[in-house]
Amino acid sequence: RIVGLHTLGGFVACDAVVFATGAWVEKPDAWLKFDSRVTPLKGEMLRMKLSGLGLAHDFTRGLISLYRRGEDECWIGVTQVPAGHDESPTESGRRDLLEAAAEIFPAIRQAELLEHSASVRPVRPSGLPLVGRVPGWDNAYIANGGGGKGVLLSAGVGLAIAEIVLTGSTGCPVEVLQP
């Protein structure tokens with residue numbers, strides 16, 4: 001049972017703790033003696049300034065999507081590469097994104113690159129977020145593994161973990177730990 005956490009600001013007493021660490025699960029998994037099976041997966045995106053007509057719609061083909069932003073910008077995403085915790089954009093990621101995007105929208109070849117970003121996403125073998133009480137613990141919970149859609153899924157994962165902490169179950173479509 002966890003009774004509190006030591007933080008830089010001092011000790012914080014608690015009735016329950018939710019570990020929602022994203023891809024950085026190694027230490028919580030070790031503390032809890034639990035294998036969450038969450039691993040980091042690197043994804044890269046490009047923000048482009050379009051010349052001429054912008055995108056009228058968002059487009060997706062496989063993993064590649066073009067998301068319009070304003071009248072003359074779009075985001076291109078996404079790559080998925082096992083790379084540990086490396087969040088460095090790569091030349092190969094940029095090239096792969098541009099080539100795949102050009103198959104959907106050839107005019108992207110004339111666009112100006114404004115930003116190239118990379119981040120690490122927490123993924124699980126099932127593809128579903130893992131939510132629930134950690135086996136062997138009375139009040140330790142995990143909410144993790146949203147993958148590339150983690151931000152989009154966060155409201156549902158938040159609802160699911162709140163329901164589990166308060167009632168012991170949830171109706172949300174997540175992979176629920178069975179204590």
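Visitor: Which element gives the most to the lining of the largest pocket?
Guide: Helix H3 (150-167) does, with five residues. This is a predicted model, where local features need pLDDT of at least 70 and side-chain atom pairs 80 or more, while totals for chains, interfaces and linings use all residues. Numbering starts from 1 along each chain, and side-chain values use heavy atoms, without hydrogens or water.

Visitor: What counts as a pocket?
Guide: An open set of points on a 1 Å grid over the protein atoms alone, where a 1.4 Å probe fits, with protein on both sides within 12 Å along at least five of seven lines; lining residues have an atom within 4 Å of a point.

Visitor: How many residues line the largest pocket, and which lie nearest its centre?
Guide: The lining has 29 residues, and Gly147, Gly148, Lys149, Gly150 and Val151 lie nearest the centre.

Visitor: Which strands supply at least two residues of that lining?
Guide: S4, S6, S8 and S10 (140-144) each do, as does H3. Helices (H or I, at least four residues) and strands (E, at least two) are DSSP runs, numbered from the N terminus.

Visitor: Switching to the sheet. What is the strand order?
Guide: S5-S6-S7-S4-S8, five strands in an open sheet with antiparallel pairing. Strands pair if DSSP finds at least two bridges between them. S5 (59-61) and S8 (112-123) are the edge strands, each with a single partner, so one side of each has no neighbour in the sheet.

Visitor: How many bridges join S6 to S7?
Guide: Five, and the two strands run antiparallel. Tyr67 stands opposite Trp75 in S7. The hairpin of S6 and S7 has three residues between the strands, and Gly70 takes a positive phi there, near 70 degrees.

Visitor: And how many between S4 and S7?
Guide: Five bridges, in the antiparallel sense. Lys49 has Glu73 of S7 as its bridge partner, and Leu46 has Ile76 of S7.

Visitor: Is S7 largely enclosed or left open?
Guide: S7 is largely enclosed by the rest of the structure, because four of its five residues are buried. Buried means under 20% relative accessible area with a 1.4 Å probe, protein chains only.

Visitor: Which residues of H2 are buried?
Guide: In H2 (residues 91-104), they are Gly93, Leu97, Ala100, Ala101 and Ala102.

Visitor: What covers those buried residues of H2?
Guide: The cover includes S4 (39-49), S6 (64-69) and S7 (73-77), with contact taken as heavy atoms within 4.5 Å.

Key: Expected span 1.5 Å × (residues − 1). Buried < 20%, exposed > 50% of the residue type's maximum accessible area, 1.4 Å probe, protein only.
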